[in-house]
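Here is a short report for a reader new to this structure. Look through the sequence and the model, then read on.

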Amino acid sequence: MTDTPISRKSTQRKPKSKSKSKVNEQKVDASVDLKERLTQKRKAAQAKKELTSLLSTAIGAGLFLGIILFLIGGIKIAVPGVLGVIAMSLSYKYPTPALLFFIIYVPIGGTITYYLGNSPVLQLAKDAFYFPALIGLWQNLKKQRLPLVIPQGIKTPLLILLGFCILTLLFVNGGQQFNPPPSAPFKPAPKEFPIGMGILGLKVFLGYIPLISCIYYTIRDKKDFLRVTRLQIVLILICGVLGILQYALLLVGVCEGTRNATGSGLYLASIEARCYFGGALIYSPSEGMIRLPGTFVAPWQWAWFLISSTFFTFATGFSDPSILWRCISLGSLSLVFVNAVISGQRIALALVPVCFILCLLLTGQLGNLKKFVPILAGLVLVLGIAVVSNPTVIAERTESFTSRWEASPPQEFIVNQFEEVWKNVDGPLGSGLGRATNSARAMGETKLVETYFPKVLHEVGILGLLAWLAFVTTLTIICFRTYRTIKNRNFRSYAATMWVFILFISYNTYYYPLDVDPVAVYYWFGAGILLKLPEVDKIEQLKEEQLERVQDKKGKKKVRS
């Protein structure tokens, strides 16, 4: 009996201690939250101060340069100069947003260029975001002691390739600069800048390889991965709608195109025939000649945008965790198919369906078609309506493609290009970087080589070509091995599609898509996404394991209570 009062007192004291501990915990949590808020406010204020200081400095420097450029070349050069200084300053300071803006600018750059006056500076505008962001990222990686070259397996073949390119730049381009060949009789010596041509040629040839690392470090987790891939789908959707709108404006006569041109003008792309978006086009329906540029500068760039978009829309359409985004992606894919038909580009008409089938076969999605039957049925319905409503267009495109194939089969065309270049190349180091690069023609005489491997052979010789093949083969093998290590089904599906894209472009020698937008960017962009996915996969697995542990602990507590 004497124990009961004591036990009662002890039982009454316990709730008080618990309530006190709860109050103390709440106070601690409140103080921690307050400290976090104050820290975040200080960081936000510091970031705002840095941004204001950077903007004021960049605007001041830009205006100073703009005044000088205005006195030299007028307003068309001054405005891009001012904007370029501001863009480069911000891109250096904030590399991640700059890289995303760079990806946004690629498909709409042609339209912006012609809206702002077709200045040559604007055609290089995207590099004002890319190269400063690359330098800023590289400096951040040095501080964190992280490698710039991703994956490490491509480092040796890349250095070998870069070594051959530098030898060509020094000995071939340098020789042309300081010991130019004699001019033809009774003709003035051509005004050339071979060293500048070589530097620009090297930038076009290897300049976007670091984009692999840029995208690799930009994507940190699943959220970033979905943001980047969905952004790409939105861009494809917008460009696809604008491409169809461009065709409709030409069809109803709002834009004349080249239908009223005479002679050879009916068959030549003309900037005067431009229709609101993009650049030069051909629209001569009476002659069966239509070549639309979409949102790009030239029609064939639009064709390769459609081809590359087949892979990105397929990847997201079959792997995104959201049913809404899968539907949007496959809807974008249907727009890609429609634009491939109406654009008048034979290569797009041929390769878009081929690439779609290739993705189905090589990514294993052929066995998962049952899941996507309703979506694919909608895709087929859209394409069926397009075919039925435009039978003459389909017939014209098909006839144009078959006649072109019969007149000049691709395999014969490629072989002839190889033979012609092999006979005329200057030596084992080639004829000089930039000598077959279209964008370098302002710095000297260039040669039109319409297939990629012969183009590389012409510029950097047989040694450079072999080094290039070794490099892309190494990258393709590493990407294949990487995607096979991914366990998450959605990530694995996306990575498989990117690998098919890399495989297809690595050994494609018909025309030169790796030389210009958009494939010159998207090839390395896709590789960067693929190589990051195993790490994203591991992060998601750890999150799932932690969530399971928390749920198990909660379940055990409920059982005890």
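## Confidence

The protein chain has an average pLDDT of 84, and 84% of the residues score at least 70. pLDDT is the predictor's confidence in each residue, from 0 to 100. Residues 1–14 have a pLDDT below 50, and beyond near neighbours in sequence this stretch has 0 contacts in the model. Contact means heavy atoms within 4.5 Å. Where pLDDT is low, the predicted coordinates should not be read in detail.

This is a predicted model, in which local features need pLDDT of at least 70, side-chain atom pairs count only at pLDDT 80 or more, and totals for chains, interfaces and linings use all residues. Residues are numbered from 1 along each chain as its sequence is written, and side-chain values use heavy atoms, with hydrogens and water left out.

## Overall make-up

The protein chain contains 17 helices and 2 strands. These are DSSP runs numbered from the N terminus: helices are H or I with at least four residues, strands are E with at least two. Of the 561 residues, 46% count as buried. Buried means under 20% relative accessible area, exposed means over 50%, and partly exposed lies in between (1.4 Å probe, protein chains only).

Take contacts between residues at least 6 apart in sequence: 75% of them join residues at least 24 apart. The accessible surface of the chain is about 29400 Å², and 65% of this belongs to carbon and sulfur atoms. Such areas come from the Shrake-Rupley method with a 1.4 Å probe; for residues, only the protein chains shown count as cover.

## A buried lysine

Lys 455 sits in helix 15 (residues 452–484). Lys 455 counts as buried because its relative accessible area is 1%. Its side chain makes a polar contact of 3.1 Å with the side chain of Asp 515. Another, of 3.5 Å, links the side chains of Lys 455 and Thr 437. A polar contact is a pair of N or O atoms within 3.5 Å; within protein, one must be able to donate a hydrogen and the other to accept it, and residues adjacent in sequence count only if both atoms are side-chain atoms.

Set aside the neighbours within four places in sequence. Lys 455 is then in contact with Ala 436, Thr 437, Val 449 and Asp 515.

## The loop between helices 16 and 17

The loop between helix 16 (489–506) and helix 17 (519–560) holds Pro 518. A cis peptide bond joins Asp 517 to Pro 518, with omega about 0°. Tyr 511 is also found in the loop between helix 16 and helix 17. Tyr 511 is not a glycine, yet its phi is positive, at about 60°. Tyr 511 counts as partly exposed because its relative accessibility is 22%.

## Backbone features in other loops

Where is Pro 151? Pro 151 lies in the loop between helix 4 (127–144) and helix 5 (155–178). The peptide bond from Ile 150 to Pro 151 is cis, and its omega is near -5°.

Tyr 276 is in the loop between helix 8 (222–252) and strand 1 (282–284). Tyr 276 has a positive phi near 65°, in a residue other than glycine. At 43% relative accessibility, Tyr 276 is partly exposed.
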